[in-house]
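Me: I'd like to learn how to read a model like this one, feature by feature. Can you walk me through it?

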Amino acid sequence: MLILLPPSETKTAPGSGEPVDPGSLAFAELTSAREQVRAELARTSARADALEVLGVGERLRGEVERNTRLGTEPAAPALSVYTGVLYDALDPAGLTAAQQEEAAASLVVVSALWGAVRPTDRIPAYRLSMGAQLPGLGKLAAHWKRHLPAVLEPAAEDGLVVDCRSAAYAAAWRAPRQRTVGVKVVREQAGTRTVVSHMAKHTRGLLARHLVERAAHGERPATPQELLAAASERWHAELREPTARSAGELVLVLPGD
């Protein structure tokens, strides 16, 4: 089982620690592609129009300036750097030792800067989204689309892929359709269903946590139907089976207010 997560826009900058060691990150085959992005991000972030190019506001100027010194900034495990709604629900700090081991084996965060990282990879905080286009490099999703298949397809092996990514990050690698199930979250009230962005992130984090907890007891869904059964332990869930032409979809239905 491979669980794909998006990064968070908000990140917690480590207060201390050694800087990132690119050679120590998982998926070492991505090192050259990562260095291309990091170098171009540093150049872009030093420009007078950096905020405009990166699509952020004035209040994030400090984070953009930090992009120019990522090689010397303190680094920490990815799951302590990524914060926000999904990661609060995942609650990495609350995982037992067995669950942490399972998370390290099952979770992959798809990143605009690093391509893909495992939970224990030590990285600094940074500001870059997959929707950005860096001068000299182009669209980041297109950049990573050239490199991620070579590492993520072997990581997925022949197992189930649970895709919790947003659309921008999903564009960087299309997992094998017949073995992939995306996760959609809706709220149902008076027979009407609506998509709920905030609660969707929260619920995807809870689902990832639930799957990690089960896997720590040796209960890993190997098929879409087993994933449906696992999700149904916590939510009203529905499944559209994957096919050779399209990934499946797990719909988690939240009750109305």
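What follows is a conversation that goes from the whole chain down to single residues.

Me: Before we start, what kind of model is this, and what counts in it?

Reply: This is a predicted model, in which local features need pLDDT of at least 70 and side-chain atom pairs count only at pLDDT 80 or more, while totals for chains, interfaces and linings use all residues. Residues are numbered from 1 along each chain as its sequence is written, and side-chain values use heavy atoms, with hydrogens and water left out.

Me: Fine. How many helices and strands does the protein chain have?

Reply: Helices (H or I, at least four residues) and strands (E, at least two) are DSSP runs, numbered from the N terminus. Here the protein chain has 11 helices and 12 strands. Its radius of gyration is 18 Å, close to the 18 Å from the globule rule for 257 residues, so the chain is as compact as a globular protein of that length. That radius is taken over C-alpha atoms, and the rule is 2.2 Å times the number of residues to the power 0.38. Along the principal axes, the C-alpha trace spans about 50 × 40 × 35 Å.

Me: And how do I read burial and contacts for the whole chain?

Reply: Buried means under 20% relative accessible area, exposed means over 50%, and partly exposed is in between (1.4 Å probe, protein chains only). By that rule, buried residues make up 51% of the 257 residues. A contact means heavy atoms within 4.5 Å. Take the contacts between residues at least 6 apart in sequence: 68% of them join residues at least 24 apart.

Me: What about the surface and the charges?

Reply: Accessible areas come from the Shrake-Rupley method with a 1.4 Å probe; for residues, only the protein chains shown count as cover. The protein chain exposes about 11500 Å², with carbon and sulfur atoms supplying 49% of it. For charge, Lys and Arg count as positive and Asp and Glu as negative, leaving out His and the chain ends. Each charge is placed at NZ of Lys, CZ of Arg, CG of Asp or CD of Glu. On that count there are 30 positive and 30 negative side chains, and the centres of the two sets lie 5 Å apart.

Me: Now single residues. With which side chain does Asp-49 make a polar contact?

Reply: A polar contact is a pair of N or O atoms within 3.5 Å; within protein, one must be able to donate a hydrogen and the other to accept it, and residues adjacent in sequence count only if both atoms are side-chain atoms. The side chain of Asp-49 pairs this way with that of Arg-47, at 2.9 Å. Look for Asp-49 in the loop between helix 1 (31-45) and helix 2 (50-54). It is partly exposed, at 27% relative accessible area.

Me: Is Ser-106 buried or exposed?

Reply: Buried, at 2% relative accessibility. Ser-106 sits in helix 6 (residues 97-106), and its side chain makes a polar contact with the side chain of Glu-102 (2.6 Å). Setting aside neighbours within four places in sequence, Ser-106 contacts Met-1, Leu-2, Ile-3 and Arg-118.

Me: What should I make of phi?

Reply: Most residues other than glycine have a negative phi. Phe-27 has a positive one, near 60°; this residue is in the loop between strand 1 (2-5) and helix 1 and is buried at 13% relative accessibility. Glu-157 also has a positive phi, about 50°. Glu-157 lies in the loop between helix 8 (149-156) and strand 8 (161-163), and is exposed at 57%.

Me: Where is Pro-242, and which residues does it touch?

Reply: Pro-242 is in the loop between strand 11 (236-240) and strand 12 (248-255). Even in a loop, Pro-242 is buried, with a relative accessible area of 14%. Not counting residues up to four places away in sequence, Pro-242 touches Arg-177, Gln-178, Thr-180, Val-181, Pro-224, Ala-247 and Gly-248.
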